[in-house]
Amino acid sequence: MSFEEALRRRGFAPVRQSRGIRHFARKPNDFLTYWVQIRPDGTALFSWEFAIAEYVSTLGLQVGSDEHLNTFLYPKVDERGPQDPAWLTGCIDRAEAVLESVSLLEAGS
């Protein structure tokens with residue numbers, strides 16, 4: 001199975017292509033987006049973004065000046081690796097572990 005087929009089976013859809021790099025996205029929920037770039041050198045880049053301002057707005061909260069469109073949570077470092085379905089699974093598992101670990105009550109403890 002090709003890496004592109006593995007992406008499609010996991011719900012990723014092609015979004016755009018520029019400079020030989022193909023971009024795919026998957027939205028597991030209304031606020032979270034996973035991104036994968038397939039690069040011509042045989043590597044892939046995985047990242048994610050979480051629309052934190054939009055999410056907390058649904059809870060009756062706001063971040064900063066309440067500008068929903070520009071307040072996202074991202075990883076500090078994107079993951080780069082081989083175009084391999086097992087690598088992608090590991091990336092998603094690590095992202096979900098980080099997101100599941102967030103607790104505002106335990107912040108700074």
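Colleague: Across which strands does H3 lie, and at about what angle does H3 run to E4?
Modeller: This is a predicted model, where local features need pLDDT of at least 70, side-chain atom pairs count only at pLDDT 80 or more, and totals for chains, interfaces and linings use all residues. Residues are numbered from 1 along each chain as its sequence is written, and side-chain values use heavy atoms, without hydrogens and water. Helices (DSSP H or I, at least four residues) and strands (E, at least two) are numbered from the N terminus; axes are lines fitted to C-alpha atoms, for helices over the stretch in contact (heavy atoms within 4.5 Å), with angles from 0 to 180 degrees between N-to-C directions. H3 lies across strand E2 (21-26), E3, E4 and E5, and its angle to E4 is about 20°.

Colleague: Which are the edge strands of the open sheet?
Modeller: The sheet has 5 strands in the order E1-E2-E3-E4-E5, with antiparallel pairing; two strands pair if DSSP finds at least two bridges between them. Each edge strand pairs on one side only, and these are strand E1 (13-18) and strand E5 (79-82).

Colleague: Which residue in E5 stands opposite Ala-44?
Modeller: E4 and E5 pair in the antiparallel sense over 4 bridges. Opposite Ala-44 stands Gly-81.
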